[in-house]
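Please keep the sequence and the model in view while reading.

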Amino acid sequence: MPEILYREALNQAMAEEMERDDRVFLMGEEVAEYNGAYKVSEGLLKRFGPKRVIDTPISECGFTGLGIGAAMHGLRPIVEFMTWSFSLVTFDQIVNNAGQIRYMSGGQFSVPIVFRGCSGGGLRVGATHSHTPENWYAGVPALTVISPAFPDDAKGLLKSAIRSNNPVCFLENEKLYGFKGEVPEGDILVPIGKAKIRREGGDITLVSNSLSTHLALAAAEKLAAEGIHAEVIDLRTIKPLDFETIAESVCKTNRLVIVEENKPFCGWGAQVAYQVQRELFDELDSPVIRVTGLDVPQPYNSFLEDAVMPSEIRIMEAVRESLA
């Protein structure tokens with residue numbers, strides 16, 4: 001299989017879906033003439049023209065509302081946020097409009113729209129540009145929340161998201177855009193709501209998503225040298241949650257460490273921990289441990305930011321604590 005960058009996988013997904021279905025279009029800041037702030041939409045304007053690849057003003061409220069209206073009338077918009085931190089000014093539209101219209105209209109309207117863009121910290125851009133908001137949007141019943149870790153899933157899940165009749169929040173960690181991985185050629189679709197076991201092991205389960213999956217895998221590799229064999233689960237989709245895969249692994253290893261970039265209070269890992277202790281209490285040989293971002297605003301300073309982010313060292317310490 002060819003190896004391509006994460007951003008190239010996303011580009012392929014959008015291009016293939018726009019070619020397949022002329023109702024699909026892309027809109028957002030700098031997506032056309034500039035080829036995207038992170039070059040995810042490179043070449044799409046030339047290929048599909050300005051009616052389907054649309055540069056917008058710096059007005060997230062304006063183009064988010066336009067996208068939702070277009071979706072209600074039968075189109076399939078992809079709305080790009082330059083960063084998911086900027087989605088906060090559109091929270092009402094995503095949650096109350098896209099997220100509630102099918103229910104409020106008694107099923108008369110669907111909202112087949114994808115909100116996508118970069119998220120996450122670690123790039124020294126400060127507290128207002130470093131949010132990891134999977135947990136905020138996962139609390140809305142009608143929203144699907146996806147955060148892939150690898151290029152093949154980025155492509156396959158984005159294609160599935162574009163074809164979905166539900167509103168989808170698709171979060172791409174900015175640090176992954178330059179990550180390269182194998183991506184099958186052709187029309188690949190990855191099912192929404194299905195986790196993937198990235199590494200098998202029998203001593204402890206590590207559950208993660210997005211960039212945190214790479215940290216978990218790196219930690220698992222180092223732990224293997226100590227004779228500790230960790231199973232690493234990449235959730236891929238936060239909502240709906242594939243609890244079945246988590247449960248099967250915990251029943252095998254009897255221990256669980258959750259790795260997430262969210263802040264600790266009300267992060268998605270808190271929900272996983274609750275469900276595990278509620279349904280699998282007798283299977284646990286030690287308490288569930290969470291490795292999260294620290295409960296402080298994201299610092300600009302590089303040393304401070306590294307200190308508040310999840311890390312291989314913190315994951316390994318959590319594993320050793322669980323096994324002690």
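A cavity is a set of grid points where a 1.4 Å probe fits but cannot get out. The model discussed here is predicted.

Q: How many cavities of 30 Å³ or more does a search of the whole structure find?
A: A set of points counts as a cavity if the probe cannot get out. With a cut-off of 30 Å³, the search of the whole structure finds one.

Q: Which helix gives the most to the lining of the largest cavity?
A: The largest cavity has a volume of about 50 Å³. Its lining includes Ser 210, Leu 211 and Ser 212, and helix α8 covers residues 210-224. With three residues, the helix that gives the most to this lining is α8.

Q: How many residues in the lining of the largest cavity are nonpolar, polar and charged?
A: Among the lining residues are Ser 119, Thr 132, Glu 134, Asn 173, Asn 209 and Glu 261. Glu counts as charged, whereas Leu counts as nonpolar. The lining of the largest cavity therefore divides, by these classes, into one nonpolar, six polar and two charged residues.

Q: Which residues lie nearest the centre of the largest pocket?
A: The largest pocket has a volume of about 260 Å³. Its lining divides into seven nonpolar, seven polar and two charged residues. Of the 16 residues that line the largest pocket, those nearest its centre are Ser 130, His 131, Thr 132, Trp 136 and Lys 263.

Q: Why are α8 and α12 described as oblique to each other?
A: Helix α8 (residues 210-224) and helix α12 (residues 312-323) pack with their axes 9 Å apart. Angles under 35 degrees count as roughly parallel and those from 65 to 115 as roughly perpendicular. The two helices are therefore oblique, as they pack at an angle of about 55 degrees.

Q: What is the make-up by class of the contact of α8 with α12?
A: From α8 the contact draws on Leu 215, Ala 216, Ala 218, Ala 219, Lys 222 and Leu 223. From α12 it draws on Glu 312, Ile 315, Met 316 and Val 319. By class, the contact of α8 with α12 has eight nonpolar, no polar and two charged residues.

Q: How are α3 and α4 oriented to each other?
A: The axes of helix α3 (residues 60-72) and helix α4 (residues 91-98) come within 9 Å and cross at roughly 20 degrees. Angles under 35 degrees count as roughly parallel. The orientation of α3 and α4 is therefore roughly parallel.

Conventions. Residues numbered from 1 in each chain as written. Predicted model: local features only at pLDDT ≥ 70, side-chain atom pairs only at ≥ 80, totals over all residues. Heavy atoms only, no water. 1 Å grid on protein atoms, 1.4 Å probe; cavity = no way out; pocket = protein on both sides within 12 Å on 5 of 7 lines; lining within 4 Å. Points joined across faces, edges and corners; volume = space filled by probe spheres on them. Axes fitted to C-alpha atoms, helices over the stretch in contact; angles between N-to-C directions. Helix = DSSP H or I, 4+ residues; strand = E, 2+ residues; numbered from the N terminus. Parallel < 35°, antiparallel > 145°, perpendicular 65-115°, else oblique. Contact = heavy atoms within 4.5 Å.
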